[in-house]
Amino acid sequence: MPDTRKRSSIWLQFKDFFFVLVLSLSQFRLHGSTGLRSGSQANFFPPLEDAMLPSGSFNNRMALITGGGTGLGRAMTATLSQLGAQCIIASRKLDVLQRTAEEISSQTGNKVHAVQCDVRDPQAVSQCVDQIEALTGLPDVIINNAAGNFVCPSERLSPNAWKTITDIVLNGTAFVTLELGKRLIQNQKGASFLAITTIYAESGSGFVVPSASAKAGVEALYKSLAAEWGRYGHRFNIIQPGPIRTKGAFSRLDPTGAFEKAMIDRIPTGRLGTPAEIANLAAYVSSNYASWMSGAVIRFDGGEYVSLAGEFNELRSVTPDQWKLLEAMIRKTKGS
Ligand SMILES: CC/C=C\C/C=C\C=C\C(=O)SCCNC(=O)CCNC(=O)[C@H](O)C(C)(C)COP(=O)(O)OP(=O)(O)OC[C@H]1O[C@@H](n2cnc3c(N)ncnc32)[C@H](O)[C@@H]1OP(=O)(O)O
Ligand SMILES: NC(=O)C1=CN([C@@H]2O[C@H](COP(=O)(O)OP(=O)(O)OC[C@H]3O[C@@H](n4cnc5c(N)ncnc54)[C@H](OP(=O)(O)O)[C@@H]3O)[C@@H](O)[C@H]2O)C=CC1
């Protein structure tokens with residue numbers, strides 16, 4: 001490469017790096033390391049953080065939460081445990097699971113068990129279910145929450161990148177669901193199955209194509225089993241969350257923090273969701289208060305999906321004075 005082109009390419013790379021750095025620092029200054037930013041209309045929609053169901057709603061019930069050591073799975077575990085459930089949390093990192101289990105158990109007084117399991121491996125899933133049967137018996141509540149994801153242009157995805165995400169999300173959910181489903185059927189015990197997907201499972205989305213494809217598969221799996229396995233006492237439901245700040249999701253989907261403002265601007269309720277809010281919804285769907293709910297797909301996103309979908313929604317930024325002008329122009333039109 002000639003010297004001048006080499007120098008200009010290095011300068012471009014430096015400029016990109018500098019841009020990302022400035023962006024990240026400005027995000028940090030604005031929001032601190034953990035703070036939530038929100039639009040002014042968020043004042044209308046304050047998040048309630050306390051458990052919604054009556055205490056004891058999950059007494060004598062066993063709940064398995066995959067990916068329960070972190071983020072949303074951790075919040076769901078905390079809520080179910082607070083409501084009386086004995087919880088089992090399962091994922092790859094045993095140290096993380098054990099720390100979460102101890103913290104939640106000590107707060108709620110109800111035992112939380114930590115079981116190591118890579119949901120991509122059907123043999124590991126079967127052994128994990130053996131362990132669960134020995135610890136608590138088969139669960140009454142199963143929440144398939146474990147997932148993997150990162151933003152990446154599809155032309156940069158390797159076959160293994162595709163396989164990794166689809167294995168965790170679609171195959172992992174299928175292995176856990178089928179293994180437990182079969183054993184529950186054999187034992188004539190009913191259960192509530194809940195899958196956590198995402199709003200783009202329905203629309204598809206560029207730059208997260210393996211996740212979108214796998215989550216759509218999970219939704220097909222759960223709707224199909226809702227129809228087939230009701231006769232065995234099983235319910236299957238789906239929650240599609242919009243953006244809720246967790247380290248796992250935001251570090252992989254919005255690494256610089258630049259995307260967050262755009263998300264909040266388009267969410268009609270003016271803010272991100274909170275882990276406690278989705279935990280309350282998951283608890284309700286998994287509880288006997290929802291025993292007539294099966295095959296449901298619940299979008300829980302502050303209105304983000306419809307906001308993205310409506311062709312004219314950008315007109316929100318038109319001011320009252322501009323509307324006067326627009327209306328006058330439209331009224332002046334005669335005929336076609
Ligand atoms: C802002 C939020 C708004 C909305 C959110 C909406 C939806 C959110 C959905 C979610 O699911 S968020 C949850 C996110 N949480 C996680 O992803 C946690 C678990 N993730 C992981 O453990 C890793 O990130 C993992 C998914 C990559 C899996 O780790 P593992 O160790 O098994 O894989 P490897 O590191 O060996 O990678 C496998 C394969 O993928 C390629 N790869 C990894 N990262 C990237 C990347 N950023 N870009 C491109 N490719 C990547 C990696 O190179 C390997 O492929 P090769 O072997 O090199 O071909
Ligand atoms: N936060 C958000 O804005 C949104 C999240 N979601 C969904 O919510 C759920 C929770 O995500 P969130 O809490 O944000 O992110 P996290 O990264 O905190 O949670 C993902 C969990 O999955 C576990 N996991 C990953 N790979 C495997 C594996 N192979 N086997 C077993 N467990 C695994 C991880 O544990 P470990 O590393 O120990 O294996 C981790 O606890 C996911 O299904 C995600 O798709 C959907 C829409 C929006």
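Student: A polar contact is a pair of N or O atoms within 3.5 Å. Which backbone lies 3.3 Å from an oxygen atom of ligand 2?

Tutor: That of G67, through a backbone N or O atom. First, the ground rules. This is a predicted model, where local features need pLDDT of at least 70, side-chain atom pairs count only at pLDDT 80 or more, and totals for chains, interfaces and linings use all residues. Residues are numbered from 1 along each chain as its sequence is written, chains are lettered from A and ligands numbered from 1 in the order written, and side-chain values use heavy atoms, without hydrogens and water.

Student: OK. How many residues are around ligand 2?

Tutor: There are 26, and T70, S91, R92, N145 and T246 come nearest. Here a residue counts if one of its heavy atoms lies within 4 Å.

Student: What are the distances for R92, S158 and R252?

Tutor: A polar side-chain atom of R92 sits 2.7 Å from an oxygen of ligand 1. For the side chain of S158, an N or O atom is 2.6 Å from a ligand 1 oxygen. R252 puts a polar side-chain atom 2.7 Å from an oxygen of ligand 1.

Student: Switching to helices. At what angle do α5 and α7 pack?

Tutor: About 15°, with axes 8 Å apart; α7 covers residues 209-228. Helices are DSSP runs (H or I, at least four residues), and angles run from 0 to 180 degrees between N-to-C directions of axes fitted to C-alpha atoms. So α5 and α7 are roughly parallel to each other. The cut-offs: under 35 degrees is roughly parallel, over 145 roughly antiparallel, 65 to 115 roughly perpendicular, the rest oblique.

Student: Which hand is the α5 and α7 crossing?

Tutor: Right-handed, the near helix being turned clockwise from the far one by less than a right angle. The α5 side of the contact (heavy atoms within 4.5 Å) includes W162, I165 and V169, while the α7 side includes V218, L221 and Y222. By class, that contact has 12 nonpolar, six polar and one charged residues.

Student: What about α4 against α5?

Tutor: α4 (residues 122-135) and α5 (residues 159-186) pack at about 45°, axes 9 Å apart. They are therefore oblique to each other. The crossing is right-handed. P122, V125, S126, V129, D130 and E133 of α4 meet F175, V176, E179, L180 and R183 of α5. The classes are six nonpolar, one polar and four charged.

Student: One more: how far apart are the α2 and α10 axes?

Tutor: 8 Å, at an angle of about 55°, for α2 (residues 71-82) and α10 (residues 275-286). That makes α2 oblique to α10. Their crossing is right-handed.

Student: Which residues of α2 and α10 meet?

Tutor: L72, A75, M76, T79 and L80 in α2 touch P275, I278, A279, N280, A282 and A283 in α10. That gives nine nonpolar, two polar and no charged residues.

Notes:
Helix = DSSP H or I, 4+ residues; strand = E, 2+ residues; numbered from the N terminus. Nonpolar A, V, L, I, M, F, W, Y, C, P; charged D, E, K, R; others polar. Polar contact = N/O pair within 3.5 Å; in protein donor to acceptor, adjacent residues only side chain to side chain.
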